[in-house]
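Notebook open. I want to go through the chain contacts and then a few single residues. Entries follow in the order I looked things up.

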Amino acid sequence: MVLLTLLAAITIGIIRARNLFAVVVLAGAYSFLMATVMVVLDAVDVAMTEASVGAGVSTVLALGALYLTKVHEAEPRYSNLIPLVVAVGTGVMLVYGTWGLPGFGLADTPMNTHVGADYIARNYDETHIPNVVTSVLASYRGFDTLGETAVIFTAGIGVLLLLKRFRKGA
Amino acid sequence: MIGGLSGAELIWLALALPMIGALGIAATGRARNLREAVTLITAGATFCVVVLTLLPMVLAGERPATTPIEAFGGIELAFTIEPLGMLFGTVASTLWIVNSIYSIGYMRGNREPRQTPFYVCFAVAISGALGIAFAGNLFTLFLFYEVLTISTYPLVTHKANDDAKASGRIYLILLMATSMTLLLPAIIWTQVAAGTVDFVAGGILAGAGLSTGALGLMLALYIFGIGKAAVMPVHFWLPAAMVAPTPVSALLHAVAVVKAGVFTVVKVIVYIFGVDYLATSGAAEWLTWMAGFTVLCASAIALCQDNLKKRLAFSTISQLSYVVLAAAILSPLSMIGAAMHIAAHAVSKITLFFAAGSIYTAAHLTEISQLNGIGRRMPWTMGAFTIGALSMIGLPPTAGFLSKWFMLGGAWQAENFVAMVVITLSTALNAMYFLPIIYRAFWLPPPADDREFPAHGEGPLPVVLALTITAFGTIALFFWPEIPFSLSTLMMEAP
Amino acid sequence: MRMDVILRVTAKLFIPFILVFGLYVQLHGDFGPGGGFQAGVIIAAGVVLYAIIFGKEAATRVVPTWLVEALVPLGVLIFAGVGVYGIVTGGNYLDYNNLVHAPPTKDEAVHGQHWGVFLVEIGVLVTVTSTMIAIFYAFAGRGKE
Amino acid sequence: MSVEGGINWVEHLPALQVAMPMLGAVACALVRNGGISWLITLAVSWAMPVCALLMLHEVVAHGTISYAMGSWAPPVGIEYRVDEANAFLLVLVSIIAALVASYMPRSVADEIAPERRGWFYTMYLMALCGLLGMTITGDAFNIFVFMEVSSLAMYVLIGLGRDRRALVAAFQYLVIGTIGATFYVVGVGLVFTMTGSLNLYDIAQILPEIENQRPVYAGLAFIGVGMSLKLALFPLHLWLPNAYAFAPSAATAFLAGTATKVAIYVLIRFLYSIFGVEFAFGSPATQPTVLLLACLGMLVPSVVAVFQVNVKRMLAYSSVSQVGYMILGIALLNATGLTGGIAHMFNHAIIKCCLFLAVGCVVYSTGIQRIEQMAGLGRTMPLTMAAFVIAGLALIGVPGTAGFVSKWYLIQGAAEQGMWWLVVVIVVSSMLAIFYIGRIVEVAWFREPSDAADNPRSLPFEMQMITWTMAAAILYFGLQTEISAGVPARAAEMLLQGWAIGGGQ
Amino acid sequence: MNLLSEIAAHYNYWITIFLMCAGIYTVVAKSNMIKTLIGLGLFQTSVYLLYLSPGKILGGTPPILGPDHGHGDVLYSNPLPHVLILTAIVVGVATLALGLALVVRINEAFGTIEEDEVVAIVDREDHAE
């Protein structure tokens, strides 16, 4: 919970900061914290990914982009009222929704009893892969992963299409 | 040789012929003689199919019909020829021939540009008119109603100059708007209320159990939704459309468009509401007033017009409302009158327009005040004009007399004194705005200096030919009214 | 930056370890945290580091652009190909059970699953690595103007 | 129906439907030669309708198809679930994709630099793949994944427009689209937390048993908002006009025909099949709100469209207003209305595609995009403009064209609900359509050709042909509506049943 | 007391919600495109928590099966959310990369990455049309 509070603090920092460089670095820190939280939540694979992606790749990319553009953010012109309304609206909707959610850490919630438990139960007999996450990722829900790979592929080609310089300088 | 075909095949043939003709015209657009030959041949063929073949069948009591094609959700594309439709179909296909002859003379005489599109759209419009005439249900009718609107839009904007475009805009938007916003909902309302949109003798709404108010509202949606009937206040597209060349005006006023309008009104009243049901429900009383008002008001406006075609236009508006009025009287006789007036007004009004066009072609005159003594230079034209005018006023020996006679009889029968007053009054008005023209043309001396008015003779031969034919038709309908009469009586008898 | 000896030496020392660690993560994915995606990112990171320190040109000499751009689709091809092979061997799409022996006994099905997961992870690895590198090249190729 | 080595490929159509475009895209990316990539695209995108039609036939004949990915029975594995509704949409999307693909090459060659074409086609196929995946899948999270596949591809396609404003359009679309997708994920997350399942059918079975409905309501709300962003429901449409206006012509035609429709389908699926009408429209305020939005969506953008100077943008605004019609059909909550809504998805897809293809022809041969410059095009490019007019009439809803059919259903649906004010709104917005279409028609046909419109570049055969195929289709489906209204009617019935009470088996 | 425990039980949800709101706020309010994208990142990342939190079982261990192969009485946290979030993260970074690429191009084309400035330019061009 301390970590979570810390996260909140960093977020505020990100919103306030004008220097984009600082923002990016803060975002990296944010991702690391997030990763730690995930470890606490037993999501080690996710934590690893978040660390490598959120803190690693994203930061590098953002810095690269910054290198190509500008480092300082201009003063916002228009009022912050509308965004505030939007954000608060979303928040209210969520509080309304989450209030009915089962409490933290319970084992007998529908989510933890239905399919999830199923995986743990059947996984080893069917795949002999101890890491349930891997087996679910690659086999049970392999198609999601295929889609995910497709997303990467699309993004990669997309970035190349947009940024790549060809000899003729297209 | 087409006698061997069944009714359904004949209907399809009648609808297809003008379309094929349109293609042929478009194909032969380069060679004008060939093109106009195609036009005439198509018109002739259509005439053979509709008048010479289908008409006898209908008169013999047959009701040729096509097997319905389901379009969607129980809505069908169906054609059935009942007497009223036959009447309208006959009028349209007959006058098409005359009008084509006339157009050839007129278009060449005035060296109009873009003649090929003109003939193409014309043929398509005829096909649309026939589709309306033969429609077996409201959906089919609506379909061809829009075909007619769209195919005549290029004709109205034929001159393609600014005011042509402006009036074309009025024409399209008014007709489309009324049909889309009023007619379509009315049709769907009918579908929801009655469960069908087929035309059935005696009406389909009798069982729907609508309140009088709802019925009146629906009738209003129909009347004003059918903008082509030009009941005030949805009339002003008609004067606006005057910018078009005369053959187009003839098409609008006599052959297809406005006739399609009033035809639809009568058809809806007879086959959707049902005369008796409407009469008992008393939902149509307001219509008598509305139509009567239109008749008088339009005549009064016509009185103040100096432009010949404009005056004719307003006269058309008032004459159309005769039909609506007669239909609103809801007595058998007046219904017959309404039906017959469709035919009578068609021939006489086309004569008048032909005459106006002939004057324009020969002398390039458009204003009534310029017509002094023109009767001596163009005896045929003005003679025909006189006959047409007489028919408009409703004097024997012309077709207009008969239909008016029936209307009055119907009004008397239904003891509808409003209608009777209106008819008599408007007759007086008609006389007031037509007779002066004739007087000018024949009895006033032509203007002195010939520099302003160079000597000119009759219009081109085809023009004179056409208007003579229609003039004779106007008289013939008085002496031999069998066909329209029997058709309209057939309409009133429950099959 | 290019002239900094210490950086270059340390980098030269580190990069191999990074790559090896990446492979470890890849292959150990079955038993511990890790898998194609994380491994791909790590390996890519190695190359990126190399490019940052020794310059893009040096990096492209080691890992040429055309190769990277060919590998991006190749990974998807492997993954989707395995799926199709699942059909060919009589199962559904992405069915690994009879990847090795068809029709499989229960153990052979497990064997097939192993192979399937392995190949699929390879596919992910290839695409992710090459995409990351390609994106980095693309950004780097865009000089400031 | 080819049976090779004992493998019945027909069983695997659902998988192939998505796998083939993906593999095709991969092939394009490997080849990277414009011409060959186009051939691949053509082959794949024409194979798609075949798949889809076979499945539609299968579904109509033998009911819902369920395909377990990796042979893992749902809900453990990912399920592909094909019924009337999405089979119909698959057909629609794939056919449009195929036609646009056949139309594309010269127009693309005109607008995209040669060395980028290979990748352009890759993106095109990935967009197609994503859309098909979204449509066919029966798994809530899988929808999200493929939504992202298609979205990313579309951002790129839009960003490739020649005008630099295309970049901004793409960026705004990216931001809004991502927010939309994330909202969707949040909604799914809430539902997932309450049900523990991601399989749509499974969720539908579990939901009724949940006693605490609040998270589910919230989830519904989030999914609703997220999809509304994606399908550009007024007033969440701000990304759409620029995106359509500046993307390459072919891409615009494809997007306009397919993207919003699929989002609408997903919404329909959630509202009707999964949550069920009683739940989704349970609170009395819901239906009026949605109807109100739909009506505003039908009116306001139409008015805006009347005042546009750029023809593409005008059509884009009209698209927004047409979305209003579809939402209206969904919110009417009776069979007729829903049929109208689905039928309008189909009809508007072909209509708007045809319009954009025609505009594409104009852009190709004259480079004109402003309405004033289109003066006299009716004379210099009569065929193209004729097709434009036909599609325009259909957009207005003239009888005999496809647009009329769906409008008829919608009005009838409203009438059956006794909501006459809706009838008024529908006809009024059709009126507005008359205005903005009529404007172009008048300019194009009744003005002397401007120098820009004079002597246009001669148009490639395939562009003409495809544009006219579309126009012909519009007329055909205006009267012959087994597919365009018959299947939607079946689908509507099926959807109104919902899945919760064991329907859709 | 009951309420208190409820609050405690939902504390992490609320932080999550706060993060999400912050993310949305950044996206909508900030005109700088890079910051917008980072805001998007925040937004998505916080969603991950929404998925992971309910999957955590107190006293549970990461879903990497021990010798009991998941049949014993060892409590494992729910693996399914982890898988989903892995995918989500990947999608997120893909989007980010694409967005940044677009920003770079926009910067080259317009010479600024402030959205409102760019939009102003765009409007001017629209009117120039």
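How much area do chain A and chain D bury between them? I get about 4000 Å², with 75% of it on carbon and sulfur atoms. Buried area here is the accessible area (1.4 Å probe) that two parts lose on being put together, summed over both.

Ground rules before going on. I am reading a predicted model, where local features need pLDDT of at least 70, side-chain atom pairs count only at pLDDT 80 or more, and totals for chains, interfaces and linings use all residues. Residues are numbered from 1 along each chain as its sequence is written, chains are lettered from A and ligands numbered from 1 in the order in which they are written, and side-chain values use heavy atoms, with hydrogens and water left out.

**Entry: A against D**

I looked up who takes part. Chain A brings 40 residues to the contact and chain D brings 52 (contact means heavy atoms within 4.5 Å).

Next, the charged pairs. I find one salt bridge between chain A and chain D. The term covers a side-chain nitrogen of Lys or Arg within 4 Å of a carboxyl oxygen of Asp or Glu. The partners are A:Arg141 and D:Asp139, with their closest N and O atoms 2.7 Å apart.

I also count eight residue pairs in polar contact between chain A and chain D, both residues at pLDDT 80 or more. A polar contact is a pair of N or O atoms within 3.5 Å; within protein, one must be able to donate a hydrogen and the other to accept it, and residues adjacent in sequence count only if both atoms are side-chain atoms.

Which elements of chain A each supply at least two residues of the side that touches chain D? They are α4 (81–99), α5 (110–113), α6 (115–127), α7 (132–140) and α8 (142–163). Helices (H or I, at least four residues) and strands (E, at least two) are DSSP runs, numbered from the N terminus. α8(A) gives the largest share, 15 residues.

By class, this side of chain A has 23 nonpolar, nine polar and eight charged residues. Ala, Val, Leu, Ile, Met, Phe, Trp, Tyr, Cys and Pro count as nonpolar, Asp, Glu, Lys and Arg as charged, and the others, Gly among them, as polar.

**Entry: A against E**

Which two chains have the most contacts among the seven pairs that touch? Chains A and E do. Here 89 residues of chain A are in contact with 85 residues of chain E. The buried area is about 7800 Å², and carbon and sulfur atoms give 76% of it. A:Asp42, A:Trp99 and A:Phe104 supply 9% of the area that chain A buries against chain E, more than any other three residues.

I find one salt bridge between chain A and chain E. A:Asp42 meets E:Lys56 in it, at 3.0 Å from N to O. Nine residue pairs are in polar contact between chain A and chain E, both residues at pLDDT 80 or more.

On chain A, the elements giving two or more residues to this side include α1 (2–16), α2 (20–40) and α3 (44–68). α3(A) gives the most, with 13 residues. The side divides into 59 nonpolar, 17 polar and 13 charged residues.

Chain A and chain B do not touch, and their nearest C-alpha atoms are 39 Å apart. Chain B and chain C do not touch either, with nearest C-alpha atoms 39 Å apart.

**Entry: backbone checks**

I found a cis peptide bond from D:Pro74 to D:Pro75, with omega near 5 degrees. D:Pro75 sits in the loop between β3 (65–68) and β4 (79–82) of chain D. Another cis bond runs from D:Phe234 to D:Pro235, with omega near 0 degrees. D:Pro235 is in the loop between α8 (214–230) and α9 (240–246) of chain D.

B:Ala230 is not a glycine, yet its phi is positive, about 55 degrees. Its loop lies between α7 (212–225) and α8 (237–240) of chain B. Is B:Ala230 buried or exposed? B:Ala230 is buried, because its relative accessible area is 0%. Buried means under 20% relative accessible area, exposed over 50%, partly exposed in between (1.4 Å probe, protein chains only).

C:Leu94 also has a positive phi, about 65 degrees, without being a glycine. C:Leu94 counts as buried because its relative accessibility is 3%.
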